[in-house]
Structure formats: structure tokens, C-alpha cells
Amino acid sequence: MDRFLRVAMHEAARTWLKLSRRELDDIFRAAPANSPRSGYARGTLIIAGPVAHIFAWLAWLFVWKGKVFQCDAGDGSGIVINLVTPFGVRSVPGRFYRGESWLDRMPSIVIDYSQTSFVARKVRDEIREVRPGVFLGKVWWRHTRIFDFALVQQA
């Protein structure tokens with residue numbers, strides 16, 4: 001697992017796995033609502049707590065690898081497809097656009113699955129860019145936050 005953490009995870013994701021939910025919220029609040037660029041973004045699920053690294057490793061191996069973004073022309077919106085299963089199958093499509101965060105009512109990039117995915121129709125993701133190409137996200141089930149995630153766009 002240590003090798004996975006060093007090689008597979010971006011430095012920001014490794015750092016965020018050590019933080020509390022409140023500290024992650026503070027980072028999110030301070031970040032701008034910049035849109036991702038088109039392409040692949042490697043994902044890391046973050047559940048704050050003492051087993052965060054183990055959970056992130058297992059989730060990456062078996063459940064979720066990241067997202068692929070396709071941006072519309074110039075307005076900060078587009079479509080997104082999640083990469084799931086150990087094989088990185090493209091599934092669970094969504095739309096993203098600039099909207100208000102449920103965390104702090106400030107601008108955020110919202111990933112909405114309500115009209116595009118039966119499985120995830122009650123899920124809403126919100127992301128903000130912490131540094132170029134590195135996003136911190138929140139996952140909501142209805143209006144209940146369930147966990148955080150990191151996205152790192154690949155060059």
C-alpha cells in the first residue's frame with residue numbers, strides 16, 4: 001500500500017487523507033470555482049479518519065478511478081463520465097456547470113447526475129480547483145454530505 005500511496009496518488013491527495021473534514025472544508029472554501037479542462041482526472045476518495053489511506057487504496061483498486069471531462073465551448077460546463085471498477089469502465093455520466101455550493105453557498109463546479117444516471121440520480125458532486133489541475137470535491141447524497149475526493153488532471 002505504501003508504494004501505491006507514493007506512486008499512484010498526487011501529493012495533495014496524500015496530504016488530504018490526513019486531514020479532518022473541517023480542515024478539508026476550509027481548503028474547499030478558500031479555492032476558486034475554476035472549471036476543469038477536457039481530459040482524464042485521476043481520483044482519490046477521501047473519508048476522514050484513521051483508516052483513510054486504506055479506504056482510498058481499496059476504493060481506487062475496486063470501485064472508482066476518476067473522471068473524464070469533456071468541456072463545452074467556453075462557458076465552464078460540459079459532460080463528465082466516471083471511471084469505475086478495477087478496469088476503469090466508463091460509466092455514470094453527468095453534466096457539470098457553475099453553480100452554488102451546498103457547503104457555503106459560494107460558486108462551485110457542480111457535477112449533476114440527476115438527469116443522466118439512474119444509479120447516481122440522487123448524487124451531486126461539487127469541485128473547486130485548489131491549485132492548477134488539482135481539485136478538491138464534495139459528494140452529496142440528496143443534501144447529506146457523504147465524503148470528499150481529490151481529482152488530479154493528467155497532462
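Trainee: In which sense do strand β5 and strand β6 pair, and over how many bridges?
Mentor: Good place to start! Keep in mind that this is a predicted model. Strand β5, residues 107-112, and strand β6, residues 123-131, run antiparallel and share four bridges.
Trainee: Which residue in β6 does Ile109 stand opposite?
Mentor: That would be Ile127.
Trainee: And what holds paired strands together in general?
Mentor: Strands of a sheet pair through backbone hydrogen bonds, and the pairing can be parallel or antiparallel.
Trainee: OK, zooming out: what do the eight strands close into?
Mentor: A barrel, with antiparallel pairing, in the order β1-β2-β3-β4-β5-β6-β7-β8. From one strand to the next, the twist averages 30°.
Trainee: Which strands does helix α4 touch?
Mentor: Helix α4, residues 52-62, packs on the sheet and touches β1 (39-46) and β2 (64-71). The direction of α4 makes about 140° with that of β1.
Trainee: New topic! What is the phi of Val92?
Mentor: Positive, at about 55°, although Val92 is not a glycine. You'll find Val92 in strand β4, residues 89-100.
Trainee: Is Val92 buried or exposed?
Mentor: Buried, because its relative accessible area is 19% and the cut-off for buried is under 20%.
Trainee: Where is Arg105 placed, then?
Mentor: Look in the loop between β4 and β5. Arg105 is not a glycine either, and its phi is positive too, near 65°.
Trainee: What is the relative accessible area of Arg105?
Mentor: It is 49%, so Arg105 counts as partly exposed; exposed would need over 50%.

Notes
Residues are numbered from 1 along each chain as its sequence is written. This is a predicted model: local features need pLDDT of at least 70, side-chain atom pairs count only at pLDDT 80 or more; totals for chains, interfaces and linings use all residues. Side-chain values use heavy atoms; hydrogens and water are left out. Two strands pair if DSSP finds at least two bridges between them. Helices (H or I, at least four residues) and strands (E, at least two) are DSSP runs, numbered from the N terminus. Axes are lines fitted to C-alpha atoms, for helices over the stretch in contact, and angles run from 0 to 180 degrees between N-to-C directions. Contact means heavy atoms within 4.5 Å. Buried means under 20% relative accessible area, exposed over 50%, partly exposed in between (1.4 Å probe, protein chains only).
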